[in-house]
Amino acid sequence: MATSAIIIQPLAYKEKMKEISVLSLLCSCLYPEARKNLMGEFQGMEVKPINKRASGQAFEVILKPPSPMSDAAHCVTSPPKREVSLEDIQKKLEAAEDRRRSQEAQVLRALSEKREHERDVLLKAMEENSNFSKMAEEKLTMKMEQIKENRQAYLASIMERLQEKERHAQVVRRNKELREELTA
């Protein structure tokens, strides 16, 4: 691909760049058959090829000074201002007020939905806490009853063993007394 250098006189550069398409200039660099047609004089511009470079092509672009007619053509006038009536202003103000009210209503809806959600979450948390408290209380009551039953069963078994030992001790005493009577 051939490189190209463009030498442009700085006078009136901005105005002339608006007039010529940079793309067409670059295309003329890349496609020599089209360049033959483009070389020469454009509106207010002259393009001359320079064959001094061995690495590619160079062009000299000579811009002509802007004419007073071209300045008038480039002057952009602002569009004429439209008459604004009191009705138009009132309609715009009413529309703005409606938009403000609508936005306010939307914000209030969002806030109420947020509060409702917070209330639902709080109620659910309180319900779960209450359920947890009831379950914990029932568990504790059942555990206490189980401990009480186990203690009563343990005491009953100890009393049974004591009574058993007492009976055995009476039997042993009786047997001892009988032996003493037989030996005496």
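# A guided tour of the predicted model

The protein has an accessible surface of about 16600 Å², and carbon and sulfur atoms account for 58% of that area; accessible areas are computed by the Shrake-Rupley method with a 1.4 Å probe, and for residues only the protein chains shown count as cover. The model is predicted: local features need pLDDT of at least 70, side-chain atom pairs count only at pLDDT 80 or more, and totals for chains, interfaces and linings use all residues. Residues are numbered from 1 along each chain as its sequence is written, and side-chain values use heavy atoms, with hydrogens and water left out.

**Whole chain.** Begin with a cartoon view of the protein, which contains 5 helices and 4 strands. Helices (H or I, at least four residues) and strands (E, at least two) are DSSP runs, numbered from the N terminus. Read from the N terminus, the order of elements is β-α-α-α-β-β-β-α-α. Of the 184 residues in the protein, 10% are buried; buried means under 20% relative accessible area, exposed over 50%, and partly exposed in between (1.4 Å probe, protein chains only). Among contacts with a separation of 6 or more, 52% are between residues 24 or more positions apart, a contact being heavy atoms within 4.5 Å.

**Nonpolar core.** Next, select M45, V47, F59, V61 and L63, the 5 residues of the largest nonpolar core. Strands β3 (45-50) and β4 (56-63) are the elements that give two or more residues to this core, and β4 provides the largest share, 3 residues. Such a core is a set of buried Ala, Val, Leu, Ile, Met, Phe, Trp, Tyr and Cys residues joined through side-chain atoms within 4.5 Å. In soluble globular proteins, nonpolar side chains tend to be buried together.

**Annotated segment.** Now select residues 86-120, which UniProt lists in an unreviewed entry as "coiled-coil region". UniProt positions are given in the numbering used here, feature names are shortened, and annotations may be inferred rather than shown by experiment. In the model, this segment is 100% helix and 0% strand, with its end C-alpha atoms 50 Å apart.

**Nonpolar patch.** Display V84, I89 and L93 as a surface: these residues make a nonpolar patch of about 280 Å². Patches are made of residues with over 30% relative accessible area and no salt bridge, where like charges are joined within 9 Å and nonpolar side chains (Val, Leu, Ile, Met, Phe, Trp, Tyr) within 5 Å. I89 lies in helix α5 and is partly exposed, with a relative accessible area of 39%.

**Salt bridges.** A salt bridge is a side-chain nitrogen of Lys or Arg within 4 Å of a carboxyl oxygen of Asp or Glu, and by this rule there are 7 salt bridges.

- Select R100 and E97, whose side chains form a salt bridge at 2.1 Å, N to O. Both residues lie in helix α5 (residues 86-183), 3 residues apart, about one turn of the helix. R100 is partly exposed at 36% relative accessibility, and E97 is partly exposed at 27%.
- Move to D98 and R101, joined by a salt bridge at 3.5 Å, N to O. D98 and R101 are about one helical turn apart because they are separated by 3 residues in helix α5. D98 is partly exposed, with 45% relative accessibility.
- Then select R119 and D120, whose side chains meet in a salt bridge at 4.0 Å, N to O. R119 is partly exposed at 48% relative accessible area, and D120 is partly exposed at 39%.

Finally, select E97, D98, R100, R101 and E104 together, as salt bridges that share partners join these residues into one network.
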